[in-house]
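The following briefing sets out the computed features of one protein model. Please read it alongside the sequence and the coordinates.

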Amino acid sequence: MPVLSVFSNVLSGGTSDTWAHLADTVLGEFVRNTLILCVGVGIGVASIGITTAWLTTMHDFPGRRFFEWALVLPLAMPAYVMAYVYTDYLQFVGPVQSWLRETFEWRRGDYWFPDVRSVGGAVAMFMFVLYPYVYMLVRTAFLERAGGMLEAGRSLGLGPWGGFFRVSLPLARPAVVAGTALALMETLADYGTVSYFGVQTFTTGIYRAWFSLGDRVAAAQLSASLLAFVILVLLLERASRGRARFHNTSRSAPRPVRKRLSPLGGALAALACFLPLFFGFLLPGYLLLEMAIEVGDSQFGPRFVQLARNSFVLAAVTAVLAVVLAVLLAYAARLARSRLPEFLNRVVALGYAVPGSVIAVGILIPVTRLDNLLAAWWEASFGVNPGLLLTGGIAALVYAYLSRFLAVALHTVESSLGKITPSMDDAARSLGYGKWLTLGRVHVPILRGSLLTAGLLVFVDVMKELPATLVMRPFNFDTLATQAHTLAADERLAEASTAALTIVVVGLLPMFIISRQIVRGERPTT
């Protein structure tokens, strides 16, 4: 419905004066910056993800066991949080430039220092936060496909580099493209980072058209343009696979034999794995903790408790509803004798590819109309105006979260439900259990761990979500994410650290689950 709402408003709304103004002034900048972000982030996450996955999977060096699981930790750090931290660290009055001026007795204009609040700075933020998408998928591909084929390549005379470029990398290409596509979709959906850095993109344009200019048609048109970029990314990901298929023909897929590196090679490999972890999690995490301890939020106390309660209530309600819906949808597809439920589940899963700002616009327009109709009917029937029942509370906001993040829970539940043999269903029916009793007494106990993981992943995604929350939150209703954004926008970076650190700490929970799966050699469920 959100996507249909966006396109229907584009088609029915005509061309507004706002859109003409945007087209004449900033639309070209929107397109240019979006393309630069996509190209830069795509190259960056692919390079880091492939390199770290290859080193930790195919080689043995000091610290490898630590880096295997620790390299996923940057996913716990929202890009907008890292943007706030690095801006405080690298700006003119920050500790880095202050140290340079004191050490070399420089003054303003005596030296050049890169501006973090730029398109290049945004690319760096996204690159160090989102590379784990590529790392996890490529590492799994190397483990599952590379072992036996690399042995065959060595028997044909391929060296280490030849085996990498001619065997391992081509086999991992679908994983590289899939991970890069996920990173690009997160980049296109971001609002906090690009807004704070002053980089004009479609997400900042949507927010300005809706709130500053009050033009829903222009907001819908910009949303449709952003959605076109997302669709282009998905089509490129699909086209890159073409008709190629990759199969392991051996009965047992052997794990690749790790090569022990020399002391110098081991040190370089450890450094190559340490740098993205350092810049993507360790350094910003340390700086965030330091700011929270030394300064922190001046409103810490009742106000912070209220913000945390708002965030946790939204996240918990959405997580519970997402898990329940995911179980029902996955179980329906399991029981169905046709492929229609499975197809509909794939349509539902596409919601994760839609940016939060697009979903917010696509939901607010029809739901606001419905709200007004309900209020008018209630007043006509009972003589009392109840106000906005849906958009005045959290109902519409929870619906927006479900539209985007239900796919996370659905994928996790489907993956685990598919591992339960159909003979379990047959055995339950032989004992007189119907479909619902089989689900409640057989499948749900088996799926308990996966359901908890699915709920936790949705919980963290809702905690971090910024664009949809900014657009759709009720009046005078703030969360930790909106508080951090508001304080950072007012240049109160140290005060924003408390809310931002809370979001990061909560985000670490699913990262530890994924890390444990990586250590055990299982495939991550994200």
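Helices (H or I, at least four residues) and strands (E, at least two) are DSSP runs, numbered from the N terminus. By that assignment the protein has 22 helices and two strands. The model is predicted: local features need pLDDT of at least 70, side-chain atom pairs count only at pLDDT 80 or more, and totals for chains, interfaces and linings use all residues. Residues are numbered from 1 along each chain as its sequence is written, and side-chain values use heavy atoms, with hydrogens and water left out.

**Overall figures**

- Of the 526 residues in the protein, 52% are buried; buried means under 20% relative accessible area, exposed over 50%, and partly exposed in between (1.4 Å probe, protein chains only).
- The accessible surface comes to about 24700 Å², and carbon and sulfur atoms hold 64% of that surface. Accessible areas come from the Shrake-Rupley method with a 1.4 Å probe, and for residues only the protein chains shown count as cover.
- Among contacts with a separation of 6 or more, 82% join residues 24 or more positions apart; contact means heavy atoms within 4.5 Å.

**Nonpolar surface patch**

- Val313, Val317, Val320, Leu321, Val324, Leu325, Leu328 and Trp436 together make a nonpolar surface patch with about 700 Å² of accessible area. Patches are made of residues with over 30% relative accessible area and no salt bridge; like charges are joined within 9 Å, and nonpolar side chains (Val, Leu, Ile, Met, Phe, Trp, Tyr) within 5 Å.
- Helix α13 (residues 302-335) supplies the largest share of the patch, seven residues.
- Val317 belongs to α13, and Val317 counts as partly exposed because its relative accessibility is 34%.
- An α-helix has 3.6 residues a turn, so residues three or four places apart point the same way.

**Helix packing and burial**

- Helix α3 (residues 27-58) packs with helix α10 (residues 202-212) at an angle of about 145°, the axes lying 9 Å apart. Axes are lines fitted to C-alpha atoms, for helices over the stretch in contact, and angles run from 0 to 180 degrees between N-to-C directions.
- On the α3 side the contact involves Leu27, Phe30, Val31 and Thr34, which meet Phe202, Thr204 and Gly205 of α10.
- The residues of this contact comprise four nonpolar, three polar and no charged. Here Ala, Val, Leu, Ile, Met, Phe, Trp, Tyr, Cys and Pro count as nonpolar, Asp, Glu, Lys and Arg as charged, and the others, Gly among them, as polar.
- Helix α6 (residues 95-104) has Val96, Gln97, Ser98, Leu100 and Arg101 as its buried residues, and these pack against α5 (79-90).
- Helix α21 (residues 480-489) is mostly covered, with eight of its 10 residues buried; Leu480, His485 and Leu487 are among them.

**Salt bridges**

- The structure holds 10 salt bridges, each a side-chain nitrogen of Lys or Arg within 4 Å of a carboxyl oxygen of Asp or Glu.
- Glu342 and Arg339 form a salt bridge at 3.5 Å, N to O; Glu342 is partly exposed at 34% relative accessibility, and Arg339 is exposed at 62%.
- Asp478 pairs with Arg473 at 3.1 Å, N to O; Asp478 is buried at 15% relative accessibility, whereas Arg473 is partly exposed at 26%.
- The closest N and O atoms of the salt bridge between Glu495 and Arg492 are 2.9 Å apart; Glu495 is buried at 16% relative accessibility, and Arg492 is partly exposed at 30%.

**Loop residues and positive phi**

- Glu465 sits in the loop between α19 (448-464) and α20 (467-472), and counts as buried because its relative accessible area is 7%.
- Beyond its neighbours within four places in sequence, Glu465 contacts Gly356, Tyr401, Arg404, Phe405 and Ala481.
- Most residues other than glycine have a negative phi.
- Glu105, which is not a glycine, has a positive phi of about 55°. Glu105 lies in the loop between α6 and α7 (119-155) and is exposed at 70% relative accessibility.
- Asn476, also not a glycine, has a positive phi of about 60°. Asn476 lies in the loop between α20 and α21 and is exposed, with a relative accessible area of 62%.
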